[in-house]
Every structure is written in C-alpha cells, then in structure tokens.
Amino acid sequence: MEVSRLRALRGPNLWSRHTAIEAIVSCDEQERSLALLPDFETRLRERFPEIALLQPAGFQEKVAMAHALEFAALGLQAQAGCPVTFSRTTTTVEPGIYQVVVEYSEEAVGRLAFDLALELCVAAATEQPFDLPAALSRLRDLDEDVRLGPSTGSIVYAAAARGIPFRRLTEGSLVQFGWGSRQRRIQAAETDASSAVAEAIAQDKDLTKMLLRAAGVPVPLGRPVSDAEDAWAAALEIGLPVVVKPQDGNQGKGVAVNLTTREQVQTAYNVAEAISDEVLVERYLPGHDYRVLVVGSKVVAVARRDPPQVIGDGVQTVRQLVDQVNRDPRRGAGHATSLTKIRFDDIALARLAEQGLSADSIPPLGVRVVLRNNANLSTGGTATDVTDDTHPDFGARAVAAARTVGLDICGVDIVCEGVLRPLEEQGGGVVEVNAAPGLRMHLQPSYGKGRAVGEAIISNMFADGDDARIPVVAVAGTNGKTTTVRLIGHLMQQRGWRIGLTSTDGVYVEGTRIDTGDCSGPKSARNVLMHPDVDAAVFETARGGVLREGLGFDRCNVAVVTNIGKGDHLGLSYISTVEDLAVVKRVIVQNVTPDTGVAVLNAADPVVAAMADSCPGTVTFFAADRTLPVMAKHRAQGRRAVWLDGDAIVTSEDRHEERYLLADIPLTAGGTLGFQVENAMAAIAAARAIGITPELIRQGLATFVSDAATTPGRFNLFQYRGATLIADYGHNPDAIGALVRAIDSMNSKRRCVVISGAGDRRDEDIRQQTEILGDAFDDVVLYQDQCQRGRADGEVLALLREGLANARRTSRVQEVHGEFLAIDTALAGLAAGDLCLILIDQVEEALEHIAKRVAES
C-alpha cells in the first residue's frame, strides 16, 4: 500500500462539511480485498484493539487495506482524545486506487495520524511490532501543543455556538471572529477593544494601586524599592508581614507573601528582581485569595484560589503526597488541563523549610502542608467557585477596578476574609489587576460549578443576534462565472456596500485590484473575508480550489450555478463524468445558510436543476424558457423564478412580477448576446436573493460596463481597420458554442478565428472545439501556446487539426507558434467588414497586444 498524495481540506468540501485529510492510496491486487489477507485483521487488532469493524458480514470482498488505513487514522485520533467522527474511502476509475478521507480537528494531528496509521497497517501486514501507547502519546502531545488553550478555546466555542465564523490567524491564540467590516479579534482572553494603555497600566502594579486608591478602591499600602536593603526598610515602614513581588510580573511568578523577617524579605527581593527591573513591597493582607473576572461592566465569575498543598496521612512523605496529588488526571504540565501539577522545586523546598519540614518529612494525619505562598493555578493551586455567594458591593469594587484601569476583560485579584460582605467591611483590598486573565479556574474549577465565561465574552463583543457575517455570494459553473460575479458585485454595490470580489482575473476590493492571477480559490476568498473594508463579498468558486482545499468559507447566503459543461476539466482529479463534476460544483449549494439561504440554479441545465434537492435553503430557478417543466412547476408553487419574455427579463414570486428591459442592459447588446442574457438573469436572481431592490438592480444593470478593462477576456469588442475583433477566454466546447451563437447574430463578410488548446483537456474536448469553429469560420489560425500542460510539442495542434477534418465552412488553416504572432497573422488578413474571434490564453498580455495593434491602425 502506498500513499501518493496527502492534502488538507480546510473548509466544506465534496465529502462533508468537516475539515479532513484526503489521501490517494494505491493497493496491489492482494491488498484490494482483505479476504485475500485472512490474518491481516487479526494482526491489526492485536496492535490496535479499538479499531472499527473492518469486515461487516457480506462485504469481505469489497474491503481493501485502504479501508483499514481509513479506520486506523480515524481511530488513532479518537483514542488520543480528538473529537473526530467522519471518514470515508471510495474507489476511483483506476483499479487499486482509492480516495481515503478522514476528519481532523487539528491539521497537524490529522497528518500525523495518517502517518502512524500507515505504519500500523504496514506493521500488521509484515508482522512487525507497533508501539500503540507511544503513537497515542505523540498524538496527544501534538494535539495539546497545537490546539487552542482553554481560555481562547472557550471563547471560540461560544462564538461557534452562535454561528459566528472564526479563523485562527496564527499558530498561537490570535483569532478573528466574523468577516470583513464586521470582524473582531482576540488574543487569548484579550480583545481588540483592550487598549495598549490599559494593559500597560495593569502591568505597572504601583501605578495601578495609585489609580485604584484615587478611585476609592481599597488597596494595600506599599511602594517600589531599589534594592534588598530598601525592601527591608519599606517592610518596616509599612509594617510586617509584607508581600514582595515584581512590579510587572504575571502568573504569580516571583511573588512571595506573608514575609516577617529580614532574610525572607531580602531573599524574596532577589527572586523578584530576576523577573522584573522594579520590585514592589506592600502590606500583607490576611485572608483568602480571590479572583474576580469582570467582562464589560459585569462580574462573570468569582473563584477562591488556594495555594498548592497536601494533607498529611501520617504514613507518606511530603514528596510521596505530592506525587499522589499529581496523579490526578485533571492535572497536567501546561494549561490544557483544568489543574496544573504541583512543582517540587526550590521554591517549594524553601516553603517547606519555613514550616520546619523537608521533602522526606512525614506530616501527621490531617496536617496541612503548603508548598507555595501564592495561589496561582499555573503553579499547582486549586480554585473553588464562589460566584453565587458574592455580595453585590464586593463585585462592584472589582468592576470599579477594571473600569479604572480601562480593561474590557479583567481579572481582579482580591485578598480578604470572604465574599459574603463588602470589601471595606473586612479590611481587604485589591492586590492586582490582570489583562488577558486565565479562564481555566472559572471554566473547570477544582470545586463548584464551571461558569460560561466564553459566552459572556462573546456577548460583550457582539450584540444579541449578531453573527458578525457579511453577505456572501458564491458563483460556480463552467461558463459565465467571471462576468456573473462582476455583475452581481456591481448590483450589490448600488446599495452602498463596499464589495470584495474574487475571480480568475484577481481579487478586487471597492473596484481596486489587490491581487492578480487566478484568484478563484479558497485562499483568495479567505483574504477577502479578512479585509476590514469589505461589507459584502462575491466569490468565483472554481472546481480546482474545492477539490484541493474545500471552500474558503463555512456557508454563503447565495449560491449561483450557471451551467455544467461536458468538456470542462473532465478526466482530472478523478472527475470523469458530468455527474462527477456536478458533485463538486454543488458544494456551494449544499452550504448555503439553512432556511434563509438561496440557491440560484439554471433550470435549462438538468444537471444543475437537480442540485435543488441538495439545498438547505430555498431555490430560485432561471432559464430563458419559462415553459420548461421545472420552471412551470416552480412558478406554479409561487416560488421565485427568472425568465426571458420578449424584450425583457422577468422575475416572479407569489404572482408578483418585475420586468428588466433588455434595451436597458448594455451587457446583453439589446438581447442579441444569449450567453450574456443568461449571465444577467443569474445576477438579477442573486441580487434579489440578497435583498437588492428592483430599482437598484435596474440602476446597476444600466451602468454595468463590460469591456477589456472591467471584464477582461469576456467578449471584449474592438474595431480594427473597419473589421470587428472579439477577444474572449472561451476555453471549452460549451463556451465556444455560445460564442458562435452570439457571432451568428452579427453581420460580417468573412470570419476568422485564432485558437489554441489547453493541454490538460481530454483529446475529444480539444478536437470538439475546432469541430464547432470549422462550421462557423472561413479562416482558422492555430497556435501553440507557451505551456502545453503535459503534452508533447505539436500534440495539441495535431488534435485541433483533426477537429477541422470535416469542417463545412473553413477554407484556410494556418499554424504558427506563439499567441501574439497568431494574433498578428489574423489581423494581417482582415478587410473592412470582416469579423475575427481571438480566443486568448494570456489574457492581460494578449489584450494589451490587441489594444496596441488597434491604436496603430
């Protein structure tokens, strides 16, 4: 068994809505049926007992080793704790070649799971050992390393539950919520509304205390100190016991509390100085350590934090008691688990010494042994939720502290006897204010119930009912996509929206091209959705991007499918039939917004019309002929439809009709260009689905300009010495047929066509192009372009010549090498009244060349 290709599907794809790893797997004849490998499954289960059932009754002959790979890759992730459930293996048209698809929650983990699954299958096949515990450990460790931490994760999960889209911008905790102009961002428990000034204040503990004291918030006395001697002097001024801590520390690092001697104070100063250039000495407040989480102007959660400790049993040493506590499965090495292992380090040993103990001491039964002075979870402390017990005035002081510093998400540390009374009544105080506070203690406290802090943060960022999405229209099909995308974008622009648009010509934002080349894939769509100036987006969605990576968005408001051509990329990536191609194109239909989304489908194309059954929203059909059965039924049911009625495009819904005169739609040349009429119908349907009014649609149709500048390579017209030139990017038989039908409506003396062929098309598709042209043009200029896409030199030209073998109109055929030379050859033979169709390959360069020749004429 061999894996020849592995790629990540990062968005909804033709297999499912799940992110997944897709592999191309080849199996030899024996590996194609596990029935030919009778002991393989037994050996596989010996190495991985939890693997799913491989051979259900009656299907033994159909199960290949590729299926074992599938179940192993999924099962290994599941056993490692990853939330994955979906997998699939399908045969291809090539014997022994399979497509294996397995869901992943983290891409790196999914890829590693595939590698380990392959090792497992090979080990079972060759009777070699496989270390399952080590494999699962690698997956768990990697998953913990790359997945979002608990704080960021809780916010992301809360957003997802509300339907707010999110995108992880880095391997860390920087996440974008929402799209375009409605986006917001977080980094851990810090939002884009958290100012750098507020964060700087929170890091400066002395400044924080000064501001809080001025605002009437109780704080302990204290001051910065310059050296160890000054620290002891400050302690005497303030009054013992004291706390020594770094002025800009975090997570309790370098904090020492309840210090009563010169040696303790000076030692603590040296520890704190190693962490921060400035050290603070302040009055020690007796009581418990509380963390109050403030979001916006509300107290969301309150937890009592206790330092890491063990309770003596009269039998075990302190070290043994710590080891026993650390075996709790809730304790881990980092922040991924609800608790952190207690550290048995120099600080812990020093704290033991203060209690007259060592690591090997055996504490009496019931004696409490504290391992650290601070109660941070990151050093092994525990948390008890006391939110419901908190006095309103107690919470109000925490809110005042957060607002004084200016933080929208704030962890306020308070030391006092309890939370049942106001802070002032018990002599407690705010000892610290934290930006980007950890949320673990509130999500999964050691004792008490967890709090929905992620939901609280999302509710503070987004109003009720706000999903932070912008209107998105996706357009797929064989022909007409780019023009339809541009027209839809222009119609939406009439509403005042700033439009982001992707196409095979590039990426455009507010009409300015910000990226060039073929940008019809998911990466370009994601880039538009990240742009802060985009209010609505229209995406040309090509089959290649869907196959390669899936969609660049989780769902769209409107999905438009223009048509499915018979010669469009068939034979590539195991897409062998029109039905296969339709499965890829309909991915956007399957992922319209449930209930409120709309699929705009070409009713004249049976394959496209059948996609209506896959739409989770509603359907708008369009076709020139309203009497088509699917159109007639749709209209009879009162659903929205678009059709051609004489001199106008008509939309109808619930017996209400709107007419759009063809004479007022320059794109259609008064209705003479049939393929542009279809593009206009699709665009009108999409605009109505997105909520654009008929008046604004008419305004947009009348002002849409289709020329080489706005829609390059889409029926661009030029005049050259009295002859008409048409430049178009038609690249398949259906597109060429539509061009010929349009040209048939135009007057001309003689017709000339310039054409090459894409080498990655099937032989019959290349031949069919010139079969169509040979019946419509007098002169044909064939050229070989720069990139033959895997074909031998002259191979494409030979196929084009074969297509002209039985031409009914063509009387002269010329062959040249190079696109620009072919264009010049055709122009040299033109006379006034002639028509020349130039099927361009290098769109921008060819159009520039044509424009130059026109200017010289």
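Helices are DSSP runs of at least four residues, numbered from the N terminus. The model shown in these views is predicted.

View 1. Glu 107 is partly exposed, with 22% relative accessibility, and Arg 111 is partly exposed at 28%.

**View 2. Asp 554 and Arg 469 form a salt bridge.** Their closest N and O atoms are 2.7 Å apart. Asp 554 lies in the loop between helix 17 (543–549) and strand 27 (558–561), and Arg 469 in the loop between helix 14 (453–461) and strand 22 (472–476), so the bridge ties together parts 85 residues apart in sequence. Asp 554 counts as partly exposed at 23% relative accessibility, whereas Arg 469 counts as buried at 10%.

**View 3. A network of salt bridges includes Glu 107 and Arg 111.** Through shared partners, Arg 10, Arg 526 and Glu 549 belong to this network as well.

**View 4. Glu 22 meets Arg 5 in a salt bridge.** The N to O distance is 2.8 Å. Glu 22 is in strand 2 (residues 20–26) and Arg 5 in strand 1 (residues 2–9), 17 residues apart. Glu 22 is buried, with a relative accessible area of 2%; Arg 5 is partly exposed, at 25%.

**View 5. Lys 62 sits in the loop between helix 1 (40–47) and helix 2 (65–79).** Lys 62 is exposed, with a relative accessible area of 60%. Its C-alpha is 8.6 Å from that of Ala 35, 27 residues away in sequence.

Note on methods. Residues numbered from 1 in each chain as written. Predicted model: local features only at pLDDT ≥ 70, side-chain atom pairs only at ≥ 80, totals over all residues. Heavy atoms only, no water. Helix = DSSP H or I, 4+ residues; strand = E, 2+ residues; numbered from the N terminus. Buried < 20%, exposed > 50% of the residue type's maximum accessible area, 1.4 Å probe, protein only. Salt bridge = Lys/Arg side-chain N within 4 Å of Asp/Glu carboxyl O.
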